[in-house]
Amino acid sequence: MDARESSGSASAQKATRDIYLPPERRKISGGDTTHISAKEFSIYYGEFEAVKRVSADILSKYVTAIIGPSGCGKSTFLRSINRMNDLIPSCHTTGALLFDGQDIYGKFTDEVLLRKKVGMVFQKPNPFPKSIFDNIAYGPRLHGVNDKKKLMEIVERSLKKAAIWDEVCDRLDKNALGLSGGQQQRICVARTLAVEPEVLLLDEPTSALDPKATAKIEDLIQELRGSYTIMIVTHNMQQASRVSDSTMFFYEGVLVEHASTAQLFTNPKDPMTEDYITGRFS
Amino acid sequence: MNIGTRKILDRSFTAVGIGSIIVMAIALMIVVLPIITNGIGAVFFTGTVEHRKMLFSEFKRGDSEGLSSEVASSERYRSKVYDMLTGFETELETMAPEKKVEYKAKYAQVRAALQALLGPLPGDSAPMLTRFKYGQTRWEKSEEKLHDLLYESKWDNSNPDVMSKEYFVSRAIGFQGTSLVKLFPYVKDNLEKMLLPEFTVYWGFITDSSVDSHFFGGIWPEIQGTFFLAVGAMLFAFPLGVVAAVYFTEYARPGFLNSMLRSANSTLAGVPSIVFGMFGLAFFINTLKVSESKSVIAGALTLAIMILPTIIRAAEEAILAVPKTYREASLSLGSTKWNTIATVILPAALPGILTGGVISLGRAAGETAPIIFTAAVSVGSAIGLADVFSSPTPALSWNIYNLASEHEAASQIRHVQYGMVLALVSIVLMLNLSAIVLRARISKKLKG
């Protein structure tokens, strides 16, 4: 498997790029640098090794899907990228996880700055119990934007990017919890975008939504592709094949296969991947 | 279990539940109804001309012309009483010595009863205490005093096997054959004209200071003292409690020390309040010397220590009830831990924290034991804000106890005591009500 052996060398870089560049997908400008890179990266909950020695390169501006059965460590891996696992006291890591060449778990890494660059949308829509405006403006305010006009600009831009501006532009002062689940989830995306992150982590963003809202979120991911490095954890294999450029398949904490989505779903190299995508186990 | 048994079980639980609620409601009624009916009597009652005299000379309230015409008309009827008294006094001088002694004793009793009813009689020296300067100010009390004048209370202890029984003998019989015998029917028939009873609404009961240890006047110093103590306790305990709760829930690492601190906190919540009172005296006054002796600040600090565990626990629970997803969302946006607490967690926990706070405020307002040694005095005037560091204050809870048990004439001023109880109950009820309203408002704002 190419991804597992990848190092920083030029040939490996090229190999990684190949994962992302299936013939039928358009190439993204600037999308040929490694953004996030795992090297023999393991995550432990106490004694239990939830993610086992994963090595992978994730290119910037592309969409990477992570699939696998429940409990395979895919969410844990995703949450380690912006250090949300820090909230679990027993969690610790070995190996290296690099973001722009810097170790995410390094001694001197500021997790607050990291999270500003690596935004996250969660499984359940979780807007704050505040107005829509305050929800979107929460991040910018944290990072020092207090000018009302500027905030309004950011809010409008973020809501437009998240394709929800038309639905909420006349009720920005209403509580965000009054919206439907799908709208709330797009508010959460907009809230994350307002901080202007480089990476967007989506942790099963549609599992709590109905098919119509799911379609909207998928369209949104397609629109954001090329502007952000997007990683999406999903249980839904059709969704992974629809929205992603490359796919990682995890099984029991091991990264079994990392290939371009087209290849992984049509011609998997590993028999386990084949069993999973054909539905022999889940 | 078959379906029939299950249904019977469910129904019997419902019946027991409803039954216990009804029993509780009845018990509450039995306690609260007399408080309300008697307490309202402190403000709404049938007042006599003596009450209006008192108001005018003690509080400079009322219309002086109307009062003097009232006094004049009552004096017209009273002067006949005075005439009868002087008539009897001259008669007394002409009596045989042994008879004179007998009648003098009886006459002194009559005079005392008349003084209680009408105030100082002509020929009396000016009384020292305000309570003796006026007759009965309340009509229902004057009817009792009239009974005292008309009848002499005696005790029947002829049968040593049973308890003595009180019985009444008409005083008029004792004065048979003297000129004074006419006095009793006269006073009985003309009492209304001498006292001029009239429905009175005395709001001053809430806003006036007391006169001569609650014989007259109102309970404002007590209300204000209660307010100072409760709010003062809150000023110390609320910020401290919230900070401690944030520490326990967000910063403390689970471990031996943490669990020790938590169980210590729970234990403190169950310590009897009198212990806090002793602690306040020993620590704040004797050791720290926050004031030379009892003072509002010492009492407020003691109350603060008493309500602190409750506030901490309420706040802790409110913070723990905030969904984890809010925390994740805030942190994932690049917020610091402190920012997350201040801008997301505390606002979301606010309804619960405030509820705990207001309930504690009510408790601080109602507690007696912690302020006995640290802040409360039975009689005093309202103190200014500048005096809270040096002077003690009367307070509702302590004065209710004092009026019920230690006051020298407790039975004569029951209406004041009930008025205080009603005031305290209303204050605590209002606080709790405002907590409910506040909580509902904030929750509504949070839910959208």
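In this predicted model, strand 4 (residues 91-99) and strand 5 of chain A run antiparallel and are joined by two bridges; strands are DSSP runs of E of at least two residues and helices runs of H or I of at least four, both numbered from the N terminus, and two strands are taken to pair if DSSP finds at least two bridges between them. In this pairing, Leu98(A) stands opposite Asp103(A) of strand 5 of chain A. Both strands belong to an open sheet of four strands in chain A, with the order 2-1-4-5 and antiparallel pairing. Strand 2 (48-59) and strand 5 (102-103) of chain A are at the edges with a single partner strand each, so one side of each has no neighbour in the sheet. Helix 3 (residues 74-81) of chain A packs on this sheet and touches strand 1 (34-45), strand 2 and strand 4 of chain A, where contact means heavy atoms within 4.5 Å. The direction of helix 3 of chain A makes about 120° with that of strand 1 of chain A; axes are lines fitted to C-alpha atoms, for helices over the stretch in contact, and angles between N-to-C directions run from 0 to 180 degrees.

Residues are numbered from 1 along each chain as its sequence is written, and chains are lettered from A and ligands numbered from 1 in the order in which they are written. The model being predicted, local features need pLDDT of at least 70 and side-chain atom pairs count only at pLDDT 80 or more, while totals for chains, interfaces and linings use all residues; side-chain values use heavy atoms, with hydrogens and water left out.

Chain A has twelve helices and ten strands. Of its 282 residues, 54% are buried, that is, under 20% relative accessible area, with exposed meaning over 50% and partly exposed in between (1.4 Å probe, protein chains only). Among contacts in chain A between residues at least 6 apart in sequence, 70% join residues at least 24 apart.

A further open sheet in chain A contains six strands in the order 6-7-8-3-9-10, with mixed pairing. Its edge strands are strand 6 (118-121) and strand 10 (254-260) of chain A, each of which pairs on one side only. From one strand to the next, the twist averages 20°. Strand 6 of chain A pairs in the parallel sense with strand 7 (residues 199-203) of chain A over four bridges, and Met120(A) has Leu201(A) in strand 7 of chain A as its bridge partner. Helix 8 (residues 181-193) of chain A packs on the sheet, touching strand 6 and strand 7 of chain A, and its direction makes about 170° with that of strand 6 of chain A. Helix 9 (residues 211-224) of chain A lies across strand 3 (63-67), strand 7 and strand 8 (229-233) of chain A and runs at about 150° to strand 8 of chain A.

Between the chains, 24 residues of chain A are in contact with 19 residues of chain B. The area buried between chain A and chain B is about 1800 Å², of which carbon and sulfur atoms give 65%; buried area is the accessible area (1.4 Å probe) that two parts lose on being put together, summed over both. Pro129(A), Tyr138(A) and Leu142(A) supply 26% of the area that chain A buries against chain B, more than any other three residues.

In chain B, strand 1 (residues 44-47) has a covered face, Phe45(B) and Gly47(B), and an uncovered face, Phe44(B) and Thr46(B). Strand 1 of chain B pairs in the antiparallel sense with strand 4 (residues 198-201) of chain B over four bridges, and Phe44(B) has Val201(B) in strand 4 of chain B as its bridge partner.

Helix 13 (residues 324-332) and helix 14 (residues 337-366) of chain B pack at an angle of about 145°, with their axes 10 Å apart. Tyr326(B), Arg327(B), Ser330(B) and Leu331(B) are the residues of helix 13 of chain B that meet helix 14 of chain B, among them there Lys337(B) and Ala348(B).

His214(B) lies in the loop between strand 5 (210-211) and strand 6 (216-217) of chain B. Its phi is near 70°, a positive value in a residue other than glycine, and at 3% relative accessibility His214(B) counts as buried. Lys289(B), in the loop between helix 11 (273-287) and helix 12 (296-320) of chain B, also is not a glycine and has a positive phi of about 55°; Lys289(B) is exposed, with a relative accessible area of 59%.
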